[in-house]
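Dear colleague,

I am passing on the structure we spoke about. Please find it below, followed by notes on what was found in it.

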Amino acid sequence: MLMENAGLSFESRAADIDERQIEAGLVGASPDIVALTLAKAKALDVSRHYPSAIVIGSDQTMSLDHRVYHKPKSREEARESLLSLSDRTHRLNSAVALVRDGETLWEHVAHADLTVRPLSEIFVDRYLDRVGETVFGSVGAYQLEGEGIQLFSRIEGDYFTILGLPMLPLLDTLRAIGAIDG
């Protein structure tokens with residue numbers, strides 16, 4: 001959606017990688033490195049099938065202190081995740097990589113810091129009742145562009161970074177390499 005809204009012409013292809021297996025090989029790596037490694041792995045995989053094409057790969061991790069969060073697999077995991085974020089500031093680490101013919105042309109990680117307001121267990125349960133299975137679609141068990149906005153007291157960072165793709169640096173780079181009109 002972000003790229004369509006920016007007027008970019010592109011084809012979307014899913015990478016055939018095992019993200020958890022790649023991440024398992026990154027024990028002790030920072031959330032930035034995890035996101036960037038996954039973004040590059042996705043782009044490199046798709047690049048193998050599209051010679052000469054510029055491939056954009058992206059990934060986002062969410063971290064708080066030394067914990068890296070993953071998409072919840074159950075309501076209880078979503079509940080635990082939200083309560084662990086209550087009255088604290090977590091970081092979204094959004095990575096993007098450009099690859100052509102198996103060569104990384106550019107890579108970038110952008111950050112956004114989001115402070116969750118104090119949440120009661122009762123509120124979290126009602127929130128989960130209202131949003132249903134959408135919580136399984138995002139690492140933080142929230143969609144900022146939806147009802148998840150009610151969880152926050154402060155947001156610092158670029159909106160596009162929060163949605164998972166740092167558009168402004170990406171567009172600058174695509175213009176710089178002549179891939180889009182500058």
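A residue is called buried here if its relative accessible area is under 20%. By that cut-off, helix H4 has these buried residues: Ala 78, Arg 79, Ser 81, Leu 82, Ser 84 and Leu 85. Please keep in mind that the model is predicted.

First, the chain as a whole. The protein chain holds seven helices and five strands, in the order α-α-α-β-β-α-β-β-α-β-α-α from the N terminus on. Of its 182 residues, 41% are buried. The C-alpha trace spans about 55 × 35 × 25 Å along its principal axes. Among contacts between residues at least 6 apart in sequence, 69% join residues at least 24 apart.

Next, the surroundings of H4. Its buried residues pack against strands E1 (54–64), E2 (67–69), E3 (89–100) and E4 (103–116), and also against H5. After H4 comes Asp 87, with a positive phi near 60 degrees.

Finally, the helix pair. H4 (residues 75–85) packs with H5 (residues 121–131) at an angle of about 135 degrees, and their axes are 10 Å apart. H4 is therefore oblique to H5. The crossing of H4 past H5 is right-handed. On the H4 side, Arg 75, Ala 78, Arg 79, Leu 82 and Leu 83 take part; they meet Glu 121, Val 124, Asp 125, Tyr 127, Leu 128 and Asp 129 of H5. Six residues of this contact are nonpolar, five are charged and none is polar.

Best regards

Key. Residues are numbered from 1 along each chain as its sequence is written. This is a predicted model: local features need pLDDT of at least 70, side-chain atom pairs count only at pLDDT 80 or more; totals for chains, interfaces and linings use all residues. Side-chain values use heavy atoms; hydrogens and water are left out. Axes are lines fitted to C-alpha atoms, for helices over the stretch in contact, and angles run from 0 to 180 degrees between N-to-C directions. Helices (H or I, at least four residues) and strands (E, at least two) are DSSP runs, numbered from the N terminus. Angles under 35 degrees count as roughly parallel, over 145 as roughly antiparallel, 65 to 115 as roughly perpendicular and the rest as oblique. A crossing is left-handed if the near helix is turned anticlockwise from the far one by less than a right angle, and right-handed if clockwise. Contact means heavy atoms within 4.5 Å. Ala, Val, Leu, Ile, Met, Phe, Trp, Tyr, Cys and Pro count as nonpolar, Asp, Glu, Lys and Arg as charged, and the others, Gly among them, as polar. Buried means under 20% relative accessible area, exposed over 50%, partly exposed in between (1.4 Å probe, protein chains only).
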